[in-house]
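Hello,

Here is the structure I promised to pass on. Please open it beside this note; what I found follows below.

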Amino acid sequence: VQLQASGGGLVQAGGSLRLSCSASGTIFTINAMNWYRQSPGKERELVAARRSGGATNYADAVKGRFTIFREYGNNTWYLQMNAVEPEDTAVYHCNADILSTGWIARDYWGQGTLVTVSS
């Protein structure tokens, strides 16, 4: 299984950006899909999470501004980022708990995509 993240870039404060993460390979079930971010000098933090049943949760810093959602049929999920702030500047990583070959569920990570918010 491989995860491919994309969509990062430079955006002005107050603008919007959409990140995507596509999972490929032998996938039986995606139990959970997440977005993390890491800024220089800070620890990686969970930004948004979505469970297979549809329940979502968000870091306090992004509530009301970011939305995680899934596109069924092609194992892709997104992070819609609205009203971005300079503090949102970070490398964003997608992560998922996936049931794959051998009916074993494990954690997978995509490569990071850089989001830079200018003031």
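**S100 and its surroundings**

Start at S100. Leaving aside neighbours within four places in sequence, S100 is in contact with V1, T26, F28 and Y108. Please keep in mind that this is a predicted model.

S100 belongs to strand 9, which covers residues 90-100. Is S100 buried or exposed? Its relative accessible area is 6%. The cut-off for buried is under 20%, so S100 counts as buried.

One of the contacts has a polar side to look at. A polar atom of the S100 side chain lies 2.5 Å from the backbone oxygen of T26. Then there is I30. In sequence, S100 and I30 are 70 residues apart. In space, their C-alpha atoms are 8.9 Å apart.

**Two residues with positive phi**

Next, please look at two loop residues. N75 sits in the loop between strand 7 (66-71) and strand 8 (76-81). Its phi is near 50°, a positive value in a residue other than glycine. N75 has 22% relative accessibility and counts as partly exposed.

W103 is found in the loop between strand 9 and strand 10 (104-109). W103 is not a glycine, yet its phi is positive, at about 55°. How much of W103 is accessible? The relative accessible area is 62%. Exposed means over 50%, so W103 is exposed.

**The chain as a whole**

Now step back. How many helices and strands does the chain have? There are zero helices and eleven strands. From the N terminus on, the elements run β-β-β-β-β-β-β-β-β-β-β. The radius of gyration is 14 Å, close to the 14 Å that the globule rule gives for 119 residues, so the chain is as compact as a globular protein of that length. Along its principal axes, the C-alpha trace spans about 50 × 25 × 25 Å.

Buried residues make up 41% of the 119 residues. Take the contacts in the chain with a separation of 6 or more: 53% of them are between residues 24 or more positions apart.

If you have time for one spot, go back to S100 and its 2.5 Å approach to the backbone oxygen of T26.

Best wishes

Conventions. Residues numbered from 1 in each chain as written. Predicted model: local features only at pLDDT ≥ 70, side-chain atom pairs only at ≥ 80, totals over all residues. Heavy atoms only, no water. Helix = DSSP H or I, 4+ residues; strand = E, 2+ residues; numbered from the N terminus. Rg over C-alpha atoms; globule rule 2.2 N^0.38 Å. Buried < 20%, exposed > 50% of the residue type's maximum accessible area, 1.4 Å probe, protein only. Contact = heavy atoms within 4.5 Å. Polar contact = N/O pair within 3.5 Å; in protein donor to acceptor, adjacent residues only side chain to side chain.
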